[in-house]
Amino acid sequence: MRGIVYLVGAGPGDPGLMTRRSLELIARADAILYDRLIPPDALDGARPEAELRYVGKEPGAAAVTQEETNQLLVELARAGKRVVRLKGGDPFVFGRGGEEAEALAAAGVLFEVVPGVTAGVAAPAYAGIPVTHRDAASAVAFVTGHEDPDKPEAALDWDALARFPGTLVLYMGIRNLALIAERLTAAGRDPDEPVAVVERGTHPGQRTIVGTLGGIAARVEADGLRPPAITLVGPVAGLRDTIAWLERRPLHGEVVAVTRARVQASALAARLRELGADVVETPAIRTEPRPLDGELLAAVQRISDYALVCLTSPNGVRLLFDALAETGHDARALAGATVAAIGPGTAAGLERRGVRADVLPEQFVAEALVEALEPVEVEGRRVLVARAAGARSVLPDALRGRGAEVDDVAFYETVAEPLGDAERAALARATYVTFTSSSTVRFLLESGARPPEGARVVSIGPVTSATAHEHGLTVHAEAERHDVDGLVEALTADAAQRRVPA
Ligand code: SAH
């Protein structure tokens, strides 16, 4: 196959702003050459065998030169590879993508360009600043602030920029800001014109300051803003007062640690991110399926004998259906049984597999399920409780007490997932730590990790809270509904309360 190079924009930092095309190309690439300012996790979708190479330029450090990067792109393509050249923002906006395309064209290498969301538009947008506005700016100029304003050969025409009838968006200029502001005002731009500086735009830690052209450099210095940052000059900066939306999201500024198993974390993480939280995944546990033999295999083989099948987690549902499939069954195997789910996540898992739960308690704990099962005739009947090894025996005990013949079968085991260094560091930044089960509490604390000083602890329900107390933790908020939505609600209410000025 003929090699090809894709010059791809990865957007300004928020992974949600990567284009669909960029993700497709990353997933199919043989080699990816990437820069420093690409979103975290941008390469997660790459094939395991893809060659990933960092070719960014650290400020001040020796690194791969542009010439070397161009050469590498040509060589990889000539070797027949699908190459993704991944750049922050848009590849053709101050990304040297133009030079790379020229080098590829000169070498006769096939290439395509995939635009990205550029920081100069995205960072202001996340700060509540439209770069154009019918009443306030009819034009916008993208300007590099990297030029040394004292260089006689500087390419920037300060007089023209001062006269420019619209918004100036300055990339790379934060270190030169005092000089830039001076040049612009000396050339006649109004020192009282509004200016905004957006640091790490679209990233969780985005910071914005607004001032005037005359005063902004001092503010940036005082607040210690650092690259990457976009500086925006123009009346539209004044619209931030009304339009700023990011900071108004209920969990803006909160760093929330999710301790549940990584495979289960995504729904909770997504809900929290939607509300503006910076979510860090610090899984304390992992579930390990039990091999399909012994009492597990026996239970699955006589599945049609059960009058009642109780499922206590989405994991249990998934593993039960996997086991059914492996033994030549499908959803019809449950046709004759009453099916009970402990909570909505479990019920949703069943529903996806074509089974509607007959029994779903209002509270999502074993005691409530016991109560909800009261009308179900179980005396002398066979009951399957599919659950985690070492789970509480409230449910099987109660059913046995009512004369049922209970097979209490562990479909999986919950095991400790020790935190890595990066996860420990992430946990240390948390302002909230969430616990969705007793095992998340137990395994996190037993691994030696702890919620950091001052962090608020949120638990999914009374059983988890009790385990937290046993381990010496204070629980600041407990979900009323013992599921992900309930947990998010409790956390959000707690955050809102703390935001109300005393
Ligand atoms: N091709 C990129 C720009 C690369 S030049 C694009 O289209 O966005 C690097 C400069 O971009 C930085 O110095 C900074 O000014 C700006 N930049 C990149 N990412 C940024 C971000 N997340 N927030 C603010 N500025 C950013």
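Tutor: A pocket here is an open set of grid points with protein on both sides within 12 Å along at least five of seven lines. Keep in mind that this is a predicted model.

Student: Is the peptide bond from Pro227 to Pro228 cis or trans?

Tutor: Pro228 is found in the loop between α7 (216-223) and β10. Omega of the bond from Pro227 to Pro228 is near -5°. That bond is cis.

Student: What is the phi of Phe94?

Tutor: Phe94 has its place in the loop between β4 and α3 (97-107). Its phi is positive, in a residue other than glycine. The value for Phe94 is near 45°.

Student: Which pocket is the space taken by the ligand?

Tutor: A molecule sits in a pocket if more than half of its atoms lie within 2 Å of the grid points. For the ligand, that space is the second largest pocket.

Student: Which residues around the ligand come nearest?

Tutor: Around the ligand there are 18 residues. The shell has 11 nonpolar, five polar and two charged residues. Nearest come Val93, Thr118, Met172, Gly201 and Ala229.

Student: How far is an oxygen atom of the ligand from a backbone N or O atom of Met172?

Tutor: A polar backbone atom of Pro12 is 2.9 Å from a nitrogen atom of the ligand. A backbone N or O atom of Ala119 lies 2.9 Å from a ligand oxygen. For Met172, the distance to a ligand oxygen is 2.8 Å.

Student: How much of the ligand's accessible area does the protein cover?

Tutor: On its own, the ligand has 540 Å² of accessible area. The share that the protein covers is 91%.

Student: Which helix gives the largest share of the lining of the largest pocket?

Tutor: The largest pocket has a volume of about 1600 Å³. Its lining has 49 residues, with Thr312, Ser313, Tyr412, Thr436 and Ser437 nearest the centre. They divide into 19 nonpolar, 20 polar and 10 charged. The largest share, six residues, comes from helix α12 (residues 344-352).

Terms used
Residues are numbered from 1 along each chain as its sequence is written. This is a predicted model: local features need pLDDT of at least 70, side-chain atom pairs count only at pLDDT 80 or more; totals for chains, interfaces and linings use all residues. Side-chain values use heavy atoms; hydrogens and water are left out. A residue is near a molecule or strand if one of its heavy atoms lies within 4 Å of it. A polar contact is a pair of N or O atoms within 3.5 Å; within protein, one must be able to donate a hydrogen and the other to accept it, and residues adjacent in sequence count only if both atoms are side-chain atoms. Accessible areas come from the Shrake-Rupley method with a 1.4 Å probe; for residues, only the protein chains shown count as cover. On a 1 Å grid over the protein atoms alone, a cavity is a set of points where a 1.4 Å probe fits but cannot get out, and a pocket is an open set with protein on both sides within 12 Å along at least five of seven lines; lining residues have an atom within 4 Å of a point. Ala, Val, Leu, Ile, Met, Phe, Trp, Tyr, Cys and Pro count as nonpolar, Asp, Glu, Lys and Arg as charged, and the others, Gly among them, as polar. Grid points are joined across faces, edges and corners, and a volume is the space filled by probe spheres set on the points. Helices (H or I, at least four residues) and strands (E, at least two) are DSSP runs, numbered from the N terminus.
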